[in-house]
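Hi,

Here is the structure I promised to pass on. Have a look at it first, and then read on for what turned up.

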Amino acid sequence: MVPVVSATRPDDGERVLDALRRLIDERRTVVAGIDERVDRLAGLLSDFVLDGGKRMRPRFALAGWAAASDTDAPAPDEVVTACAALELIQACALVHDDIVDASDTRRGRPTVHRTIEAAHCNEGWDGDAARYGVSQAILVGDLALTWADEMFVTSGVPPEALARALGPWYAMKTEVLSGQMLDILAEASGATDELTPARVNRFKTAAYTVERPLHIGAELAGAGAETVSALREFGVAVGQAFQLRDDMLGVFGDPEVTGKPSGDDLREGKRTLLLARATALAPRPDAEFLLGVLGTQPDAATLERARSILVESGAVVSVEAEIDALTTRALDAVASDAISDHGRDTLRALAEAATRRRA
């Protein structure tokens, strides 16, 4: 795996983790005062946030701050706290996404809703265990979203900086939810065009993972319009490349590295750009076979044939070329004097980590 830690200052990851731990521990005292059984559910959120993840969104937000800063000193604690709040939004999105996709594992472990379902079974409680698991996991995700807002607003950044950053903060949440809704719609409607997955990539992933975190960090630093524009252009390109890499890993990734079953995107019926391009390029029988695999539980031979079609159609080579082109476009966007030298170095490292990763 590409070492994401090296993409930012050596202590950024630990500082983000410390800020998250302080916030979660503080809020759990409130939950524990309500009921210790509810606190055990909150503990699942704590474990999910603190025990895994690449912290990509806080890192991009801190990179946005660095790109707009005239000093190469580490970001102040309050800025780190504000940027760390993005990890709680990511937790909400992943917990809910696993429910939508009916996923059993995340990061090589049972998903939150499956963990809660198993607890219901172990206790021998009444009612449907699967429904209980989903119901409680939805609320765990909602709790993460609530804590994210609280962490961001009470981070301690100056009021004028907070006021600037709230615009992209709110826009990001609307964009990612809209992108997720479009993603679900695409699966249900059987969309095979390239425009739909491109729009999903743009708003469910690019805006939320890279563009808006950079925008938020830049606004916290008081960036000018030229700097914000360059960062957003970089963010859209890297974010789209990030999702295209994710689409490749969803079919070809090593489960030992990704923490997800091999070929999971095909099982979940994901309407990705990789799939759309393959169905457009492949001979009709192969395209029909590929579409027939979506949303099923293919055996090893079927999965291997589906992968072969993706490769032989030229879709894989085409998507790899697009990842390279997007990465080049991103780096060109931040080559101007509007971006600080130390910020540019961080952005280059993060672009490499996001687009060349194996998980």
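The buried residues of helix H5 are covered by, among others, helix H2 (36-50), helix H4 (77-100), strand S2 (109-110) and helix H6 (129-153). Bear in mind that this is a predicted model.

Which residues of H5 are the buried ones? They are Val-112, His-113, Ile-116, Glu-117 and His-120. These residues sit on the same side of H5, because they cover an arc of only 135° around the axis. H5 itself runs over residues 112-123, and its 12 residues reach 17 Å from first C-alpha to last, close to the 16 Å expected at 1.5 Å a residue.

**H9 and H16**

Next, have a look at helix H9 (residues 225-252), which packs against helix H16 (residues 341-355). The angle between them is about 20° and their axes lie 8 Å apart, so H9 is roughly parallel to H16. On the H9 side the contact is made by Leu-231, Phe-234, Val-238, Ala-241, Phe-242 and Arg-245, and on the H16 side by Leu-347, Ala-351, Ala-354 and Thr-355. By type, that contact has 8 nonpolar residues, 1 polar and 1 charged.

H9 is mostly covered, with 21 of its 28 residues buried. Its end C-alpha atoms are 40 Å apart, which agrees with the 40 Å that 28 residues should span at 1.5 Å a residue.

**Ile-323**

Ile-323 belongs to helix H15 (residues 315-333). Is Ile-323 buried or exposed? Its relative accessible area is 0%, so Ile-323 is buried. Leaving aside residues up to four places away in sequence, Ile-323 touches Ala-241, Leu-244, Arg-245, Thr-355 and Arg-356. Ala-241, Arg-245 and Thr-355 also take part in the contact of H9 with H16. As for Asp-341, Ile-323 is 18 residues from it in sequence and 24 Å from it in space, C-alpha to C-alpha.

**Two loop residues with positive phi**

Most residues other than glycine have a negative phi, so two spots deserve a look. Arg-55, in the loop between H2 and helix H3 (56-68), has a positive phi near 60°. Arg-55 counts as buried, at 9% relative accessibility. Ala-102 lies in the loop between H4 and strand S1 (105-106), and its phi is positive too, at about 55°. With a relative accessible area of 46%, Ala-102 is partly exposed.

Cheers

Key
Residues are numbered from 1 along each chain as its sequence is written. This is a predicted model: local features need pLDDT of at least 70, side-chain atom pairs count only at pLDDT 80 or more; totals for chains, interfaces and linings use all residues. Side-chain values use heavy atoms; hydrogens and water are left out. Axes are lines fitted to C-alpha atoms, for helices over the stretch in contact, and angles run from 0 to 180 degrees between N-to-C directions. Helices (H or I, at least four residues) and strands (E, at least two) are DSSP runs, numbered from the N terminus. Angles under 35 degrees count as roughly parallel, over 145 as roughly antiparallel, 65 to 115 as roughly perpendicular and the rest as oblique. Contact means heavy atoms within 4.5 Å. Ala, Val, Leu, Ile, Met, Phe, Trp, Tyr, Cys and Pro count as nonpolar, Asp, Glu, Lys and Arg as charged, and the others, Gly among them, as polar. The expected span of a helix is 1.5 Å times one less than its number of residues. Buried means under 20% relative accessible area, exposed over 50%, partly exposed in between (1.4 Å probe, protein chains only). The arc is that of the directions from the helix axis to the C-beta atoms.
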